[in-house]
Structure formats: C-alpha cells, structure tokens
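Here is my note on the model, point by point. Please read it with the sequence and the coordinates open.

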Amino acid sequence: MRFDPWNPDFVAHPYDVYAELRRAEPVSFFEPTGQYLVSRHADVNALLRDRRLGRSYLHVAAHEEFGQEAPPDFQEPFWRVINAGMLDVEPPVHTRLRRLVSRAFTPRMVESLRPRVRAIAGGLVDAFVAKGGGDLLAEVAEPLPVTVIAEMLGIPGDDRHLLRPWSADICGMYELNPSPQAQHTAVRAAAEFADYLKALARERRRQPGEDLVSALAQIEELTEDELVGTCVLLLNAGHEATVNVTGNGWWSLFRNPAELERLRADHSLLPTAIEELMRWDTPLQMFERWVLEDIEVEGVAIPKGVEVALLFGSANRDPEVFPDPDRLDVGRADNPHISFGAGIHFCLGAPLARIELMESFGALLEKAPKLELVREPVWKPGYVIRGLESLEVTTG
Ligand code: HEM
C-alpha cells in the first residue's frame, strides 16, 4: 500500500506505510496534493518551530504570489471566522491574540477546573454504567469536552446541542480536498455560528458573567471578528481531538489486552498511559505548513510557495525517538510525542485536554472495571482528523 489519504484501508492502517516513508523517502513529493510529505520526528519537530514556514502566508504575501487563487466568494463567511482565530494567523497578530486568550488557559487556571471536570465525567460514566453501556463516543467521550468548553465560554445550556454539529461541519473543510458539498456545509455552519456568537457577546457586554465570552467581550483591542474566531477555535479545537483520543485510546487498549489489564491493575499508570495512547494512535494525523522561503530538508530542496504535510502519526512512531515504537506501553516514561504540536502554535489547551482525559479514563477504569468491546468499530472516512464512527461497549 502507498500513502493514500482517500483510501479507507490506508486510514485504518497507515503505520506500515509511514515506516516505509521514514526509511526510504523521509521527504517525498505527493503529486495529488502537490505537497511534500515529511515523516521523521526530528524533521516534523524542527519544521513546526521554523519561522520560514507558516500556517498561513497571508502575513507576507498575497494569494497570487503563492500561485493560489483567492478562495471563492461563497467561502467568505468561513474564512472571515477562521482567519480571525489565532491558529490561522502568524506573528505579530498571533502573538497578540494568543497572549489575550492564554490568560484563561494557564496550568493553574485550568487545574482549578479539575473538580468540575471530575464531576461531569463521573456523572456521565454513572449514567452510562446504569444502562449497561452503549456508544462510549456519543455518551461519554463527546459530551465531556463539549460541556467543559461550553461552560468555560458561558454558552447557555439550552443552546449546547447546536455546538457539536456546527463544529463537525466546520471541520469538514480541513480534510484534504473537501467536496463542494462539504465546503458549502462548512460555510453555512461558520456563518450561523458567527451570528450566534455575536449576539451572545453583545448580551454579555451589557451584562457580563464569569465566563470567557464575557471576559473577551470586555477587551477593547479585540475586534468582533477576532472574538468570534477565538470562540469558534476554542470550541472546535477544544473538543474534536479530545473526543478522538478517548475513542481511539479505548480502542487501542481493547486491541492490547495485556496493557489494558496492566492499567486496570495499577491506576497510577494513568498519566503515562494517556500520553502513550496519544502517541500510539495519533488523533490528528497531519498538519500543513506553507513554505515562506526556500528550505532544504533531508537533502531535498523545497521551494518557497509550496506546502509541506507534517505527518504527526508517523513522527510518533519514529524508532529514532521511541524504542520499540509499534508497541503500546502504558508505562512508557520518556514520551516526547508530537500530538500537541510544537513551536508557537503548540496546543493552548494541552493542560485542559490532559485533565479531561485523566478524569474520563479514570472514571471509566474505576466505575466500569469490566468495560468490554461489543463489536469492532469503524474509522470515519477522514484522514486528518482520525476518529471512530462509534465505540459500542458493555459495562458488564
Ligand atoms: C487531546 C486533545 C488535543 C489535541 C491532540 C490537540 C492538538 C493540537 C495541535 C496539534 C495544535 C497545533 C496545530 C498546528 O501547529 O498546526 C493545537 C492547537 C490549538 N489547540 Fe489543541 N489539541 C487538543 C485539545 C485542545 C483543547 C481542549 C483546547 C482548548 C480548550 C485546545 C485549543 C487549542 C488552540 C487554541 C490551539 C491554537 C494555538 C495557537 O495557534 O497558538 N486544544 N492543538
């Protein structure tokens, strides 16, 4: 098999292909998308920190200079939202936005949320156990991070059911070559979400609460688009990957029963287990960067104006960094996985994600010690955002 992100077999089993890429062609040109695939950990890590690359080029050049067409007009409402969040801008705008938002995400601030996260996780798992199991993804993995981030932002309870569909539709644009239908769906979702948040921010400006939307609405240097872009980013980034780490993580444990037993016998392994599950089956398989100046990687000249595709899933299985990389080892001590990224865009929510994962895995280990798989799950078709359709289990 070759690198083929549109092939469900590849999406289900990408790791042998990655091993071959790392060994034979660590930087390889991928014709269908015109990108250079980068598969070794050292290179992925270095390029994420290299300022000659960017998530965007718009801070240094116009679309035409990069041989790109401006996005079609119908996509304007989508890019207006996305380009106003910190993830898709570069310094100096990135530095300013990240500074404003990061106050809410210091490890200490986030640690203060732990009791609430624990209570939500405990409640979800209690209800799940009471009915003997079901779809772990829909009933535990999704509602936990969505509830946490929605509470942080201050989205009223009655509106929370709107968030997950908006977010899923927006994420459709991030797959490689999204279909016209996926593009239209993403645009519509972004526009609806933006209108919703603008109305909420106006309300909170008049009558502030303790939440993040109120706090952001008070910051005069933040434009309305930036506020909307920040909230959409936090909601999307704040749950998609966490949901998938939970689903993929349990599926990994079920496929490695000895490691599951080891964890069940010793819950103090949970912190290393979470990191290992994030490494072994990476929830975000690939991130792209624009090359802003000519560079050379592994002896391959990569010209300005193209994109590199950084294969996180491959970097996380690199034997140069991880001894016996294909083995799941819930006690792996030295684990510099790249799943939260690196450099200036390093995941702002990493401390919160870790707390959510610790609390949900912890609650399930404690309250459902006999958790068992009912049937083999199916991967969603997307490659970049790697997740399962569902995960049917019984709690025994
Ligand atoms: C296990 C769960 C998570 C994973 C694997 C993850 C992964 C990542 C990665 C890889 C990036 C960098 C992307 C790049 O460099 O192109 C990123 C950025 C980001 N993440 Fe996460 N994330 C997770 C959870 C969260 C949570 C819970 C939040 C917030 C509540 C969050 C908020 C963000 C934000 C705001 C950024 C943009 C940072 C910037 O551009 O400076 N993430 N995340």
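**Notes on the predicted model**

1. Arg-264 sits in helix H15, residues 257–265. Helices here are DSSP runs of H or I of at least four residues, strands are E runs of at least two, and both are numbered from the N terminus. The side chain of Arg-264 comes to 3.1 Å from the backbone oxygen of Pro-369. That is a polar contact, meaning a pair of N or O atoms within 3.5 Å; within protein, one must be able to donate a hydrogen and the other to accept it, and residues adjacent in sequence count only if both atoms are side-chain atoms. Setting aside neighbours within four places in sequence, Arg-264 is in contact (heavy atoms within 4.5 Å) with Leu-365, Pro-369, Lys-370 and Leu-371.

2. A word on conventions. This is a predicted model, in which local features need pLDDT of at least 70 and side-chain atom pairs count only at pLDDT 80 or more, while totals for chains, interfaces and linings use all residues. Residues are numbered from 1 along each chain as its sequence is written, and side-chain values use heavy atoms, with hydrogens and water left out.

3. Now the ligand. Which residues come nearest to the ligand? They are Arg-55, Arg-98, Arg-289, His-345 and Cys-347, out of 29 residues around it. A residue counts as near if one of its heavy atoms lies within 4 Å. The shell divides into 19 nonpolar, seven polar and three charged residues. In this scheme Ala, Val, Leu, Ile, Met, Phe, Trp, Tyr, Cys and Pro are nonpolar, Asp, Glu, Lys and Arg are charged, and the others, Gly among them, are polar.

4. A polar side-chain atom of His-94 is 2.7 Å from a ligand oxygen. Arg-289 also places a polar side-chain atom 2.7 Å from an oxygen atom of the ligand. Ala-237 uses its backbone instead: an N or O atom there lies 3.3 Å from a ligand nitrogen.

5. Which elements build the shell, with at least two residues each? Helix H5 (93–102), helix H13 (224–237), helix H14 (240–255), strand E5 (286–291) and helix H18 (350–367) do. H14 gives the largest share, three residues.

6. Look down H5. His-94, Leu-97, Arg-98, Leu-100 and Val-101 are buried there. Buried means under 20% relative accessible area, exposed means over 50%, and partly exposed is in between, with a 1.4 Å probe and protein chains only. Seen down the axis, the buried residues of H5 fall within an arc of 160 degrees, so they line one face of the helix. The arc is taken over the directions from the helix axis to the C-beta atoms. The buried residues of H5 pack against H13.

7. Pro-91 and Pro-92 are joined by a cis peptide bond, with omega about 5 degrees. Pro-92 belongs to the loop between H4 and H5.

8. Two phi values also need checking. Most residues other than glycine have a negative phi, and most peptide bonds are trans. Glu-298 has a positive phi of about 50 degrees. Glu-298 lies in the loop between strand E6 (295–297) and strand E7 (300–302), and is partly exposed at 38% relative accessibility. Asp-324 has a positive phi near 50 degrees. Asp-324 is in the loop between helix H17 (312–315) and H18, partly exposed at 48%.

9. How many disulfides does the structure hold? Zero, taking a disulfide as a pair of cysteine sulfur atoms within 2.5 Å. The sulfur of Cys-171 has its closest cysteine sulfur in Cys-347, 14 Å away, too far for a bond. For Cys-231 the closest is in Cys-171, at 16 Å, again too far. Cys-171 is buried at 11% relative accessible area, and Cys-231 is buried at 0%.

10. Last, two side chains in other helices. Val-17, in helix H2 (residues 15–24), is buried at 7%. Beyond four places in sequence, Val-17 touches Met-1, Arg-2, Phe-3 and Phe-10. Trp-79, in helix H4 (residues 76–82), is partly exposed at 25%.
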